[in-house]
Amino acid sequence: MITVNNLSLQFGKRVLFDEVNIKFTKGNCYGVIGANGAGKSTFLKIIAGEIEATTGNIEFTPGERMSVLKQNHFEFDEVPVIETVIMGNKHLYDVMKEKDAIYMKEDFTDEDGLRAGELEAEFAEIDGWNAESDAAELLSNLGVKEDLHYRQMKDLQGSEKIKVLLAQALFGNPDILVLDEPTNDLDINTIAWLEDFLADFKNTVIVVSHDRHFLDMVCTHVVDIDFKKISLFTGNYTFWYETSQLLLKQRSDKNKKNEAKKAELLDFIARFSANASKSKQATSRKKALEKLDIEEMKPSSRRYPGIFFKQNREAGDKILTVENLSFDYSDGGHIKDVTFTVNKGNKIAIISRDQLAVTKFLSVIAGKDKAYNSGNIEWGITITKSYVPNDNSEFFKDESLNLIDWLRQFSENKDETFIRGFLGRMLFSGEETLKKCTVLSGGEKVRCMLSKTMLEEANFLLLDEPTNHLDLESITALNNGLVDYKGTMLFTSHDHTFTHTIANRIIELTPNGILDKLMTYDEYLVDERVALQKIEMYS
């Protein structure tokens with residue numbers, strides 16, 4: 001049990017949390033959501049004891065061990081990988097190191113012998129003899145190869161370090177598990193394993209994530225940080241989102257009577273409970289939904305940007321043909337024999353084991369990168385393109401431009417009222433529109449790039465990780481906007497739900513050509529024939 005009592009946090013005049021009261025109980029997984037800057041990571045740091053609240057306190061059940069996913073990827077650089085994982089259980093690690101230090105002494109005394117005996121008994125009691133094998137199993141499950149287990153952390157690549165730190169947090173069955181963006185930079189197989197692990201985890205999990213599919217698969221509750229308050233909702237992210245949208249619709253419909261509204265909510269909850277059978281957390285979530293108090297449900301005050309993509313002209317039959325394209329990328333990476341034809345209405349997800357290959361590919365197809373080895377790229381004459389790169393820094397270098405002037409560059413309509421209205425749809429209003437484009441956050445820059453794309457009204461979109469830096473509200477709005485988009489597109493995203501709900505075709509880049517399948521992302525992931533072909537293409 002974790003009990004948050006009258007918690008407030010204030011930085012100068014800015015109040016982040018005000019009089020928060022909430023309880024976290026064993027056996028549940030709590031997904032913490034909120035707009036960028038709402039204080040999600042800060043709240044986790046308060047729970048972990050890394051930040052002290054202005055007022056209030058947090059009470060823990062005595063004797064429970066908390067484990068927190070470390071964010072400093074260089075903290076353990078001089079430590080062997082397997083030891084880094086075992087350090088996740090501090091008490092076990094301290095006993096192990098003290099015991100080893102005694103045995104290393106040259107002048108071993110009777111007192112040392114007595115102390116060693118005490119430590120051996122305690123070590124056995126806390127299952128210390130299985131610590132190394134348990135740590136190795138965790139690492140292997142997370143995709144860290146055995147030949148790296150006894151290397152130092154500094155010898156590992158960034159993605160491998162992330163997996164080790166995740167193994168450290170999971171090690172030793174902690175009573176409370178605190179995870180801030182655990183899926184960042186993880187591949188789809190590792191995320192799937194983590195989903196299974198957390199679904200079977202019997203203790204308390206508190207997690208921040210922008211991955212809606214991950215939240216749906218693991219969470220029994222949603223913790224919503226909104227307007228300085230923290231509210232607890234039963235169900236996963238999709239249930240929270242759809243409920244909040246239904247409640248907003250009901251609030252705006254003044255003619256509906258309370259009984260009719262209640263009946264509509266009950267019907268929705270019943271349908272969602274039935275669908276919960278598909279989830280790994282099905283039983284506990286279904287029971288929790290059945291106990292919901294309708295009277296306590298309130299609509300969220302969260303604002304969603306208005307993202308709608310139009311075409312300035314409908315494309316003809318000839319869209320894009322790529323023949324025998326080959327290119328190099330990063331340090332020694334090579335993709336060859338890329339041949340495919342894009343048909344009208346295709347929404348193609350480009351994937352690869354190496355995301356750098358995808359970024360290079362999209363840049364080449366967009367015509368921004370001319371450095372490819374061979375091949376032919378032929379566009380139809382009716383095609384108008386809009387490209388959103390992963391790295392958008394080149395668009396925000398001019399210190400003289402505020403947001404109005406920045407967006408005006410890409411608009412045929414130069415009227416300030418029109419530009420302000422467009423920025424307002426993307427949640428930039430009032431004095432925010434006068435901010436210099438050079439001081440924008442990562443999420444604000446992406447929203448500006450999406451504004452630019454909407455103004456261009458292209459019939460072909462090329463999007464490289466457009467969900468990066470966005471909060472859940474913006475991701476959801478962008479997702480819905482691209483589902484409704486009538487044009488054609490090539491895109492890539494780490495967001496599982498985003499990719500599955502938009503793509504009707506998958507192209508995977510491999511060192512020996514491509515896999516090209518007319519199916520959804522989820523179908524692609526579970527198709528046995530695809531799995532066999534991938535083994536051959538990557539060999």
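This is a predicted model: local features need pLDDT of at least 70, side-chain atom pairs count only at pLDDT 80 or more; totals for chains, interfaces and linings use all residues.
Which backbone nitrogen does a side-chain oxygen of Asp 354 reach at the start of α12? The nitrogen belongs to Leu 356, and the oxygen comes to within 3.0 Å of it. Keep that contact in mind.

Start with the overall picture. The protein has 19 helices and 18 strands. Its radius of gyration is 26 Å, close to the 24 Å that the globule rule gives for 539 residues, so the protein is as compact as a globular protein of that length. The C-alpha trace spans about 90 × 65 × 50 Å along its principal axes. Of the 539 residues, 51% are buried. Now look at the contacts between residues at least 6 apart in sequence: 68% of them join residues at least 24 apart. The protein exposes about 26000 Å², and carbon and sulfur atoms supply 48% of that area.

Back to α12. This helix covers residues 355-365, and eight of its eleven residues are buried, so the rest of the structure largely encloses it. Among the buried ones are Ala 357, Val 358, Phe 361, Leu 362 and Ile 365. Lys 360 and Ser 363 are on the buried list as well. Just after the helix comes Gly 367, with a positive phi of about 85°.

Next, find strand β7, residues 204-208. Five of its five residues are buried, so β7 too is largely enclosed by the rest of the structure. In a regular strand the side chains alternate between the two faces of the sheet. Follow that pattern here. Thr 204, Ile 206 and Val 208 point one way from β7, while Val 205 and Val 207 point the other way. Both sets are buried.

What are the neighbours of β7? Strand β3, residues 29-33, pairs with β7 in the parallel sense over four bridges. Gly 31 stands opposite Val 207. Strand β6 also pairs with β7 in the parallel sense, over five bridges. Leu 177 is the bridge partner of Val 205 in β7. Together, β6, α7 and β7 make a right-handed β-α-β unit.

The loop between β6 and α7 deserves a stop. Asp 185 sits there. Its phi is near 65°, a positive value in a residue other than glycine. Is Asp 185 buried or exposed? At 54% relative accessibility, Asp 185 counts as exposed, because the cut-off for exposed is over 50%. Glu 19 also has a positive phi, about 50°, although it is not a glycine. Glu 19 lies in strand β2, residues 14-24. With a relative accessible area of 41%, Glu 19 is partly exposed.

Now move to strand β16, residues 488-492. Five of its five residues are buried. Thr 488, Leu 490 and Thr 492 point one way from the strand, and Met 489 and Phe 491 point the other way. Strand β12, residues 347-352, pairs with β16 in the parallel sense over three bridges. Here Ile 348 has Leu 490 as its bridge partner. Strand β15, residues 460-464, runs parallel to β16, and five bridges join the two. Leu 461 is partnered with Met 489. From β15 the chain crosses through helix α16, residues 472-484, to β16, and this β-α-β crossover is right-handed.

Asn 459 is in the loop between α15 and β15. Its relative accessible area is 0%, and it is buried. What does the side chain of Asn 459 reach at 2.9 Å? It reaches the backbone nitrogen of Thr 384. A polar atom of the Asn 459 side chain also lies 3.0 Å from the backbone oxygen of Thr 382. Leaving aside residues up to four places away in sequence, Asn 459 touches a set of residues including Gln 311, Arg 313, Ile 383, Tyr 485 and Thr 488. Thr 488 belongs to the β16 group described above.

Finish with Asp 527, in the loop between α18 and α19. Asp 527 counts as buried at 14% relative accessibility, because buried means under 20%. Its side chain reaches the backbone nitrogen of Val 530 at 3.1 Å.

Methods:
Residues are numbered from 1 along each chain as its sequence is written. Side-chain values use heavy atoms; hydrogens and water are left out. Buried means under 20% relative accessible area, exposed over 50%, partly exposed in between (1.4 Å probe, protein chains only). Two strands pair if DSSP finds at least two bridges between them. A crossover is right-handed if, with the strands pointing away from the viewer, the path from the first strand over the helix to the second runs clockwise. A polar contact is a pair of N or O atoms within 3.5 Å; within protein, one must be able to donate a hydrogen and the other to accept it, and residues adjacent in sequence count only if both atoms are side-chain atoms. Contact means heavy atoms within 4.5 Å. The radius of gyration is taken over C-alpha atoms; the globule rule is 2.2 Å times the number of residues to the power 0.38. Accessible areas come from the Shrake-Rupley method with a 1.4 Å probe; for residues, only the protein chains shown count as cover.
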